[in-house]
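Subject: Handing over a structure

Hi there,

I'm passing this structure on to you, and I hope you enjoy looking through it. Please open it below before reading on.

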Amino acid sequence: MKLELELEDGRVGGIANQTLTPDVAAMLGSALGTLLGEGAIVVTARDNYPPSRMLKRAFSAGLMSAGVTVIDFHAATTPELVFAIKRLGAKAGIQFTVSSLERNGVSIKIFDAQGVPYSLERVEDVVERAGTGRVVRSLPTSIGWVTYAEYIHDIYTAAAVNYVDVHAIAAKRFRVVCDANFGSSSEILPNLLAEVGVEGVLLNAHRPPLRGSISHMPSPRSLSTVREMVKASGATLGAALCADATRALLFDENGQPLLSEEVLGILLLGVPAGTRVVTSEAMMSVVDKVAEKVGAKLVRVRGSAYDLTRTARRTGSHIVATCGHEVAFMDFSASPDGVLTLLKVVELMAKRGEPLSSLRSELPELQLERASVRLDGADYLKVLSELKLRKGADAVLTLTGLRVRVGALWVDVEVLPHGIELVAEATEGVDEALREIAESVRGIVREQRGA
């Protein structure tokens, strides 16, 4: 049987109860368990989306049928899961989270024993084995066990707190506005912020609304609320997290959002000379200028998070950053970590004694060109999903939309409450690139309205 699923590096995706049913999830679990071998340990976690819970339980049953022991974290972030893989001696980690661009979709993220996402080839092997039924079931006496890890949040929080200068942060008595996007980061944010002496104003830090529709990315309305709350509360900065806390969009004290390049640039201001950094080729040139200024060694990589992480391990790099608001601190964990990114930026602000807007002003000036497209009632997620489908590998997910390649240029496609804004670095050919993407988006909007 051929399984109609979406496959990428480190990820299997589908629509809950349609292409990705409990039966399919159990088949995938037994296939992975067969590959890992009887007696292996696998850690699992999920977000707060009900289908994620359903599918995780079915997948765990499949693992158990192959003799695998499952350590279940219940609702936990992807950074927590990856942080725990090596520490618990697990052969793999599995995260269930709401899909990025598909309403009612679920992504199953698969990590190896080092916390690195599975390659596409390994993902395809698991799915092919599940579809053909090439699995090995254990004897009844060797069926795996499920153990519930109750203290993962405390363990992760303690490690994250020890990764930053708590005394420097606590002395500043910062206030932070943070949108958890109904995700499991709400399980750790209150205690973590309290541990470092930061006053937290938390938004959407609860389970999703009953029968409500949520997405991996915070909605445009939620992002607008964060901006206004930062200004209204006199907060030091703001942050909006994705559902599994791997991405963070930061806002300065004036409510202005930071580009991925600006976040990495600010982090580089606090690293010692010689620090190795791996970043995606889609990053704007400002990161090269900052790296040169501070003496960091920057390596650009074309490809997925899998490719970046593999390169970082091979080169002994300390930081991995993508244009999609992902930053991983490799000496802490291989996973991009939005919560830790927030803490590290707060730490730098405390040590430098400067607001975030001042740190931004130390970066080389970004020359940007912009254009806008009206949505006219079209569903922004469907527009982004169709654009991603058409562009394939030339479209990279961000926390606010996509970053799309046009020739040698990259264009941000950012969702606003009533439209889409296109942003690109002001270089030769930028006007043509903006027009091309604008026409593509307008065509998709017309098709959506016609349908």
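Predicted model: local features only at pLDDT ≥ 70, side-chain atom pairs only at ≥ 80, totals over all residues.

Residues are numbered from 1 along each chain as its sequence is written, and side-chain values use heavy atoms, with hydrogens and water left out.

**The sheet**

Five strands make up an open, antiparallel sheet, ordered β16-β20-β19-β18-β17. Helices (H or I, at least four residues) and strands (E, at least two) are DSSP runs numbered from the N terminus, and two strands pair if DSSP finds at least two bridges between them. At the edges are β16 (368-374) and β17 (395-397); each has a single partner strand, so one side of each lacks a neighbour in the sheet. On average, neighbouring strands are turned by 25° against each other, direction ignored. β16 is joined to β20 (residues 419-425) by seven bridges, and S372 stands opposite E421 in β20. Helix α15 (residues 430-450) packs on this sheet, touching β16, β18 (401-406), β19 (409-416) and β20, and its direction makes about 15° with that of β16. Axes here are lines fitted to C-alpha atoms, for helices over the stretch in contact, with angles from 0 to 180 degrees between N-to-C directions.

**Helix α3**

The axes of α3 (residues 78-87) and α5 (residues 152-162) come within 10 Å and cross at roughly 85°, which means the two are roughly perpendicular (65 to 115 degrees). On the α3 side the contact (heavy atoms within 4.5 Å) is made by P79, E80, F83 and A84, and on the α5 side by I152, H153, I155, Y156 and A159. Just after α3, G89 has a positive phi of about 70°.

**E262**

Is E262 buried or exposed? E262, in helix α9 (residues 260-268), is buried, with a relative accessible area of 11%. Its side chain reaches the backbone nitrogen of L259 at 2.8 Å. Leaving aside neighbours within four places in sequence, E262 is in contact with P257, R360, L363 and L366.

Happy exploring!

Technical notes. Parallel < 35°, antiparallel > 145°, perpendicular 65-115°, else oblique. Buried < 20%, exposed > 50% of the residue type's maximum accessible area, 1.4 Å probe, protein only. Polar contact = N/O pair within 3.5 Å; in protein donor to acceptor, adjacent residues only side chain to side chain.
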